[in-house]
Amino acid sequence: MHKYYKGSQFNLLIDEKLDEVVIFNTFSGSVCCLEKDVWNTICNNKVNETCKYFNELKEQGLIVPSDVDQVGMIQYNENLAKFADNRTNLSFVIAPTLKCNLRCYYCFESNQNDTLIASDEMLDSTINFIESMMNNETKSLHINWFGGEPMLAYDFILKFSDRIKQVTSNHNIKYTSAMISNGVFLTKEKAKILKERCNLNRVQITLDGTRDEYCKRKGTVPKVFDTVIKNIIDCSDILDINIRLNCDRDNYNDLLTVVDQLFKNNNLSNHVKVYLAPIGDFNKKGIECFSNDEFSEYKIKFDNYIQTNYPEHVLQTKELKPRTCYCGLKRNTNYAIGPQGEIYTCEHDLGINEKVVGDIKNGLYYTEYHKKFLELNLSDKCKMCKLLPLCLGGCPSVRYNSGKEECCINERMVKYLVLKKLNNKN
């Protein structure tokens, strides 16, 4: 007797023509063009070994044994990734200060007036903590400098980097770092030093619009905007500069003008990368945010604008790869570290006392918050979604705090990206 197979619940119809269809499987990542009669057989969930292309369909993940629980497989693999003691590639977010020189109205941190900068004692403890996380399997260490504004702790970053490079060299571990900065203090001279002494290779800088819009949203003056633009230009040949364009319903056209100024006026289309990002209401201030569907519309429109006007620019395109964990910080060997050595599960929790889950001297506290964060379950809606392997329910921090799904992608965006990739191959 032939064993029956069923169509994978993660088969997504991308395109349909008169006699064939294009299918993308979000679990396996395969894209297949099929005759409609084969597709109809798959949809009827009664596939056996006599089916046309049976072995190929099985290999590409479009059919699975009828008793397989694919959602269960995803949850099992996520738990393995979360709780496995895998220290091969260590990664930490370090915020040496929560102090910031700007006042972005949408910022999720409420303590930008905090003047504390990490001490030398905290530096020693952080080095010891990170070294304690290493073992014989560790091949790389990556630090993402965060804040506040990390450049306000420039001296700390240099001293830390000098020390950690000695440690990684002793253990034969590759060391790299990156930074999320507002760019105000990132001069050409400092960029060169950061690259050489800190192995810094990438910086993300946020722009909210042209000069007037930028100043309004960041609570600053025109001179600051001009300084950031100059620093982007000056540093673009030293570091990989990723420009995050924070977007809502009111500033989209203004962001296009910013891109034009950078690419046309300053010839940066081949020297920096730009991408559109939605603003989130992390502090529940009543900010009007995009829905997932709305943002997808703007993102597609933005990508088309860039491709039409600046075809030489390489867009940052979301990879359609199944996840084992939503992000690295949900793994039990990666954490965010605050300026007093406090440990968090997520950089969005920085400065929130009730979300501290440990410290670098004593390790984890095994708090109720941390337990619930790690055990966060998928909703029934997520379990039924064809995009689950790509999304895993969305950002766990946002899900935990909002109590609802936080989709990070939708079918329209997936179809757009798959067709774009197929068209580029032709």
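1. Two strands pair if DSSP finds at least two bridges between them; strands here are DSSP runs of E, at least two residues long, and helices are runs of H or I of at least four, numbered from the N terminus. By that rule, β9 and strand β10 (residues 240-247) pair in the parallel sense over six bridges. V203 has I241 as its bridge partner in β10.

2. This is a predicted model, in which local features need pLDDT of at least 70 and side-chain atom pairs count only at pLDDT 80 or more, while totals for chains, interfaces and linings use all residues. Residues are numbered from 1 along each chain as its sequence is written, and side-chain values use heavy atoms, with hydrogens and water left out.

3. Strand β8 (residues 174-181) runs parallel to β9 and is joined to it by five bridges. S177 stands opposite L200 in β9. Together with helix α6 (residues 188-198), β8 and β9 make a right-handed β-α-β unit; right-handed means that, with the strands pointing away from the viewer, the path from the first strand over the helix to the second runs clockwise.

4. Six of the eight residues of β9 (residues 200-207) are buried. Buried means under 20% relative accessible area, exposed over 50%, and partly exposed in between, with a 1.4 Å probe and protein chains only.

5. In helix α8, the buried residues are V224, F225, V228, I229, N231, I232 and C235. They sit on the same side of α8 because they cover an arc of only 160° around the axis, taken from the directions from the helix axis to the C-beta atoms. Their cover includes α6, β9, α7 (211-218), β10, α9 (252-265) and β11 (272-278).

6. Y326 lies in the loop between α10 (292-309) and β12 (336-337). Leaving aside neighbours within four places in sequence, Y326 is in contact (heavy atoms within 4.5 Å) with C391, L392, G394, C395, P396 and C408.

7. The structure holds 14 aromatic pairs. Rings of Phe, Tyr and Trp (its six-membered ring) pair if their centres lie within 6.5 Å; planes under 30 degrees apart count as stacked, over 60 as edge-to-face and the rest as tilted. W145 and F156 form an edge-to-face pair, 6.4 Å centre to centre with 85° between the planes. W145 is in strand β7 (residues 140-145) and F156 in helix α5 (residues 154-170), eleven residues apart. W145 is buried at 0% relative accessibility, and F156 is buried at 5%.
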